[in-house]
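The following note sets out points for discussion on the structure shown below. Please read them alongside the sequence and the coordinates.

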Amino acid sequence: MIRPMREITVGVVAPAYVNVPLWVAQERGFLERRGLRAAERICGTTHGVTNALRDGEVDIALTAPEGSIADAVGGGPLRVVAGLTDRPPLTMIALARHHAFDDLRGGRIGTSSLTEGTRHVAERMLAAHGLTYPADYDFALEGSHVERWKALQAGMIDAALQMIPYDDMAVEAGFTSLGPVTEKFALNAVCVRLPAERAVLTPFLRALAEAAEWLGGHVEESAAIAAGRTSIEPRYALRACQVLADGGIIPRDLRSAPGALAAVIGALRSSRLIPLAPSSGAGPDPIAAAVDYSYL
């Protein structure tokens, strides 16, 4: 008897290498063996994915968790059910004329959202080097890392966080690397809208976990899959998958490290997107309200 396939739609920002576990799960049959077939919908921005999830246009979202956390704290139906990135594989790439972070004073920093994802990572990174927003620089909404790369090449922005392997591509093209992100920050997560169908969500998450483990032992094969999805030179794809497999980026059990989630909560509070002090009655504990690992 042929098992019927359940079709689901997964919202993503862009064909980014943080989504390699999804691509592996699709190509290696980890989803199909669990009766699932997943189609990607590229939304272009992190808040675009969050909105698509909230509106029911996608079944599952692989995106920055801030939007779902803020929604849950506010009493909404969005939840974070797994973590995919504990340490963002991002590097601050600047125009060739910039040689240090201080050169970015008065500049424009490309980001995909003003409320989620790279905005918060960039702001924390720049603050560590003495630059504060909005006094020292402006954010420019340019979209995903692919669009930010185009904006850098056109000279429309001074710098932006670039995802692997675009960081390597930029350095080879003569742009300045100001250094990689080194702190833990839950950049990418699996988010859903309640009520979530456990009979679909749990197999999906198990397929992702199996794919992440397979990636660690099959880097070259994973790179071939990724290169096919992104039309990027195989050597760049291989380097990116090596970075993903080296550890510290993808949580093996798909449970974000407490420090990675704490950094997100701190960013949301500093941006006033969630209340500052839940203990004083200003709102619920954001982790308790928004994160539900029971589907794993």
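1. In this predicted model, the chain exposes about 12000 Å², of which carbon and sulfur atoms supply 51%. Buried residues account for 56% of the 296 residues in the chain.

2. On overall form, the radius of gyration of the chain is 19 Å, which agrees with the value near 19 Å for a compact globule of 296 residues. The C-alpha trace spans about 65 × 55 × 30 Å along its principal axes.

3. The chain holds eleven helices and ten strands. Among its contacts with a separation of 6 or more, 79% join residues 24 or more positions apart.

4. Just after H5, Gly 155 adopts a positive phi of about 75°.

5. How many cavities of 30 Å³ or more does the count give? The count comes to one cavity. The largest cavity contains about 210 Å³ of space. It is lined by 18 residues, and those closest to its centre are Val 13, Val 18, Thr 46, Met 163 and Leu 187. By class, the lining has eight nonpolar, nine polar and one charged residues.

6. The largest pocket has a volume of about 270 Å³. Of its 16 lining residues, Asp 59, Arg 193, Pro 195, Ala 196 and Glu 197 are the closest to its centre. Strand E1 (6-12), strand E10 (188-193) and helix H7 (198-217) each supply at least two lining residues, and E1 gives the most, with three. The lining of the largest pocket comprises ten nonpolar, one polar and five charged residues.

7. The second largest pocket holds about 150 Å³ of space. Elements E5, H6 and helix H9 (234-245) give two or more residues each to its lining. Residues lining this pocket include Arg 87, Leu 90, Thr 91, Asp 167, Asp 168, Arg 239 and Val 243. By class, the lining of the second largest pocket has seven nonpolar, one polar and four charged residues.

Technical notes:
Residues numbered from 1 in each chain as written. Predicted model: local features only at pLDDT ≥ 70, side-chain atom pairs only at ≥ 80, totals over all residues. Heavy atoms only, no water. 1 Å grid on protein atoms, 1.4 Å probe; cavity = no way out; pocket = protein on both sides within 12 Å on 5 of 7 lines; lining within 4 Å. Points joined across faces, edges and corners; volume = space filled by probe spheres on them. Nonpolar A, V, L, I, M, F, W, Y, C, P; charged D, E, K, R; others polar. Helix = DSSP H or I, 4+ residues; strand = E, 2+ residues; numbered from the N terminus. Rg over C-alpha atoms; globule rule 2.2 N^0.38 Å. Buried < 20%, exposed > 50% of the residue type's maximum accessible area, 1.4 Å probe, protein only. Contact = heavy atoms within 4.5 Å. Areas by Shrake-Rupley, 256 points an atom, 1.4 Å probe, with all protein chains shown as cover.
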